Amino acid sequence: MILARILALTFAHKWLLAISLLCVSGATAAYLVLPWLFGTAIDEVARVFDGGTVSETVILRISLTILAVSLLRGALTFGQTYFGERLSQAVAYDIRNRFYDHVQNLSFKFHDIHHTGNLMSRAITDVEAFRMFIMASLVRSPYFAILFFTTAGILIWRDWILGLVALSFMPVLAILTAVLRLHLRRIWLRVQEDMADLSTTLQENMTGVRVVKAFAAERYEEAKYEASSTAVSDDMIRASRLQALNTSVMVFAYLVVIGLILWVGGMRVIDGHLTPGELASFLFYMQILSLPVQHAGMVVNSYARAYSAGQRLFEVLDYRSPVQETPGAREMPKSRGHVRFNDVSFSYDGRTPTLQKIDIDAYPGKVVALVGAPGSGKSTLVNLLPRFYDVTSGSITVDGVDVRETTLKSLREHIGMVQQDVFLFTASLRDNIAYGREDASMDEIVDAARVAQLDDYIRGLDEGYDTEIGERGSTLSGGQRQRMSIARAVLLDPPILILDDSTASVDANTEEKIRTAMEAVMKDRTTFVIAHRLSTVHKADEIIVLDRGRVAERGTHEELLASGGAYRRIYELQLRPQEEVMMEFDVPAEAEAAVR
Amino acid sequence: MMSGAGSFMRQASRDSGRLDDEVFGQAFNYRVVARMVPYLKPDKGLVSLAVASMLVFTATLVAVPWLIKLAIDEFITQGDFTGLMWIVALFIGNAMLNWGANFTQEMTIARVGQNLLYRLRRDMFHHLQKQSVSFYDKNEVGRIMSRVLGDVYQLQEFLSVAVVTVGNLLSLVGIAVAVLILSVQLGVISLATIPFLILVMAVWQPFARKAFMRVRRAAAIVNGSLNENISGVRVVQAMNRQERNAEIFETKNRENHNAAVHASGISSGLLPSVDMLTAISIGLVLFFGARLVGSNALEVGALVAFVMYIQRFFDPIRSLTMQYTQLQRAMASGIRIFELLDTKPDLEDKPGARDLPPIRGQIEFRDVRFSYVEGQDVLKRVNMHVLPGQTVAIVGPTGAGKTTLVSLLSRFYDVEDGRGAILIDGHDIRNRTRESLARQTSMVLQEPFLFTGTVRENIRYTHHDVPDEEMVAAAKAVGAHDFIERLDDGYDTLLHERGVNLSVGQRQLISFARAIIDDPRILILDEATANIDSYTEMLIQKALQTLLEGRTAIVIAHRLSTIRGADKIVVLNHGEVEEVGDHDELMDRNGLYAHLYAMNFAALKAAIPE
């Protein structure tokens, strides 16, 4: 099954495959002529024993023929490796493109459970294993086939007894190969998993270096790493043992056969059934067979490796994103951005509900603020709108059109989002701001940066907007990165804006400035804001307080204050000294008890 | 939060302490090989065994044509049946020896190789643990990853190739010797093509070197782009960049493809020449060999052996040319690995530094000045005194140096000698081991970081012997218990990729619980509650009030409610302490704090209905 799919990918490049196979066959044929020529030469030389003389012209002719055949073989070998490599590179190129495009379009559900390191190792190591298999094994299969069958044919035709002796090690080879393949496949799969663990530990150790240092956890981390590292070593040694056993047995069997040929053939020469030259060419043929014998082990290994790599690659390529465009999905027309959540429920795993029965009516110009404890479902709610996940029940409409009936691209074009986890790309500040709109003019970029209160800072840099920033924007502070993300969303100029806790790391003064600037931007747009600070929330047209996925309270700031619920409590907490508020509200007994 | 100016300076200072990703093209580097030798030392016995079995293996292979020659010349042409049997018996004996040697060779080499890689990986990781935070400021994780995994993988490939290569070289020598013994004249003739081969290789090598360097550069670009776009996939989708990114990726992928094809053209270009030279050698041997046989100076069997040897002779050369890329790649990897191992940690314990004794938690900053880049001080003469058990809030506008200040306290960076000192219970922290300090302090960072593993493992972290009740109590104290219980597997729920299956606030609660389990004398909270709603924050603070009894706490926060309860408030501005006091005192002073407070309050005031 997996082999069939690998073959299908290879057959996509018919011409390259054909020409590679042609070259391989030609080179093999030329290679096979050589022992015969050597044998003829030896026979010519052996005439000395019958009292004849060696004809120098014949030897010269044979030598020149050997030269000519070698030249041909050389040219064809070149073709074989060159076109073989081209073919394998072409297939790798295809898979990489497909893999990339597939992965970048998979919905968040997939990325929630697949570690970047894991996906990377598939894209690099597994694709490489694939490529090596195509180049070293698939393209060269005629080489093995032709070598085996022609040599076998020639040997049997020349002298069937000797021929059968020569081929007697084939069954040994076949059985060994089959057994080995099964074992190796399992081991390789395990090695790949061990490696994935190792890389996860390594990556997290470095990304979380501040935590590791703060907890003096270096030794703990080393122990964790050591465990995976030992597992990798052990499995690799296990694989090597199998391979060592296999190749050594093969070489042994092969040498024993040469011994037998020498014995049986020698007796037949003495009997006069065979000329010394014929025996010599038998031996030369056997020498030719030694290469494929040695390579057979490698082929088996490369197949086992490609097989497990294929399993891992196809697992990703076959993953069907749960968020799919319906057949015949329409482009969403230029919308005004009237968003409605109709009785929306959502669950990540199909069991525990994260959101339950949410109704929201957000018309253009309206600001909806979402407030609530960690895990109450705020981020989940806004992630449903651009269809990063699909609702479990209920529906979301934009201008009356169900979001599931439009194309993803046209839907997302209407939404500008500032995500909680800021991600910046290795590029200039300008390119990072213009990430969603490469055609933006410099003026527009500067305007967006102004709204995010970044323009002054950027202008203060030596290279201004051309300053390059590193991976994950590690050279910017948390607040600066959040502001980059705001500028990026503002530049999109979308009818719908989502701000997910986008100013948490910004100090109060800067936040105030951003808020004032955003007021102009938010005008006529539909805006969803998630925030903890009252100053951000209180002006919203509607404040929704979420509690464990349900709407606990909703209304304007004044209404909610008047009703004296959870929102009122937040308000008190932020405005009055904590001790006072604690006296007034009942802190859950549980927390009290836990502390004691 | 890093100060605005400070963070940019760090970028400018990247040159120092940053690993270089230059592409190397050497196929053999003496220093790299020499550096690997110590890693083989513990396996001395295995290495000798490997070498011995390799020699035996090569000898048994070189012996094969020789035995054939003996069989033909001494017995077959003489019609000696018994002699033939004996020589065949010898032949089989030789084959058995070959089998044993071959297996031993492969097994010992695999073992030695894996041990070496294991030690290298371990040393690299150990070395990385010793690096200070500033090392990680300068080096992206992806690049270090590719050294520890990618480069070690290259070395692994190299080891198998190297063994084959050494085997090849050995058999080259063995064959040359055998050929010369068989017939000096013919031997010299058959080896005559070698200078030409060397010449061809010399011409070819610079081209190959350049081509393969291009391949590696292209591959690095493709991998980098993959890595970045997969980790940033959420932004890519939100920004609708898939089509454009696919285009960009395709261009990079295309260049990678073209570079590889170009290199393969060059590497396979060598093969016809090697084939031709083989053929010329064989032709020469046949031609002159026939003459020698004609003049009875050589026997037929010897000629057969000659042809066999010559074919064997060029096989190693063929495979050497094919391994060339691998050698080159491995040397480059070796250089990068040892460069990493040679990076001196810029923050090391002083020789003979003693552990910090159990501390009470008194902290003193004495004239502390600090800069990420020379000449641009982020902290200028900071003096601060914290009594054991006090809770101190650090307040100030963006870029004041708040995060830098607490980073110094945890020794993420060290204060340079002569630029002030930080004392804990009167001990200068630079003179004590970093570990003993870190064991007694704990930190909750603005961006919560969890590890792949269960919730339980994450809360316990290094304290894996903490009983369940204590762990649950910590979770309850910070208000995390409820939501953890609601997870599918409760405390045994597996957190994927740093807990993406939890909200940021939930992750923060878990990291709070982790800090509590750590039972520190000094607790540092760096904007730890920014992503948490006020009510949950209050729960945490309530819990902390009891927990912090007798402990020292340093808190950085923007929200007033968080700050107001502190015993002492330190107002930082432009890297200097501008004011110190409690809330009321500072309000009375009517300085920067009062101003900040008013600004903050003004923002909130709008929320107060008339």
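Figure 1. V367(A) has T527(A) as its bridge partner in β10(A). Keep in mind that this is a predicted model.

**Figure 2. The well-covered strand β9 of chain A.** Strand β9 covers residues 496-500 of chain A, and five of its five residues are buried.

**Figure 3. L499(A) and its bridge partners.** Follow L499(A) and you pick up a partner in each of two strands: V418(A) and V529(A), the latter in β10(A). The path from β9(A) to β10(A) goes through helix α18 (residues 508-522) of chain A, and this β-α-β crossover is right-handed. How many bridges link β9(A) to strand β10 (residues 526-530) of chain A? Five, with the two strands paired in the parallel sense. Strand β6 (residues 415-418) of chain A also runs parallel to β9(A), and four bridges join them. As for what holds such pairs together in general, strands of a sheet pair through backbone hydrogen bonds, either parallel or antiparallel.

Figure 4. Step back and the strands line up as β6-β9-β10-β3-β11-β12 (chain A), an open sheet of six strands with mixed pairing. Which strands are at the edges? They are β6 and β12 (550-555) of chain A, each of which pairs on one side only. From one strand to the next, the twist averages 15°.

**Figure 5. A helix laid across two strands.** Helix α17 (residues 478-492) of chain A lies across β6 and β9 of chain A. Relative to β6(A), helix α17 runs at about 175°.

**Figure 6. T104(B) on its helix.** Over in chain B, T104(B) is found in helix α4 (residues 81-130). Buried or partly exposed, and why? T104(B) has 19 other C-beta atoms within 10 Å, so it counts as partly exposed; the cut-off for buried is 20 or more. Skipping neighbours within four places in sequence, T104(B) is in contact with L49(B) and S53(B). F28(B) is another matter: T104(B) and F28(B) are 76 residues apart in sequence and, C-alpha to C-alpha, 27 Å apart in space.

**Figure 7. The side of chain B that touches chain A.** Here 162 residues of chain B are in contact with 160 residues of chain A. Which element of chain B gives the most to this side? Helix α10 (residues 242-294) does, with 28 residues. Sorted by class, this side of chain B has 83 nonpolar, 52 polar and 27 charged residues.

Figure 8. Chain B has 21 helices and twelve strands. Its C-alpha trace spans about 120 × 55 × 50 Å along the principal axes. The radius of gyration of chain B is 35 Å, whereas a compact globule of 610 residues would have one near 25 Å. Buried residues make up 51% of the 610 residues in chain B. Of the contacts in chain B between residues at least 6 apart in sequence, 81% join residues at least 24 apart.

Definitions and conventions:
Residues numbered from 1 in each chain as written. Chains lettered and ligands numbered in written order. Predicted model: local features only at pLDDT ≥ 70, side-chain atom pairs only at ≥ 80, totals over all residues. Contact = placed C-beta atoms within 7 Å. Nonpolar A, V, L, I, M, F, W, Y, C, P; charged D, E, K, R; others polar. Rg over C-alpha atoms; globule rule 2.2 N^0.38 Å. Buried ≥ 20, exposed ≤ 12 C-beta atoms within 10 Å, placed from the backbone. Pairing = 2+ DSSP bridges. Right-handed = clockwise from strand over helix to strand, strands pointing away. Axes fitted to C-alpha atoms, helices over the stretch in contact; angles between N-to-C directions.
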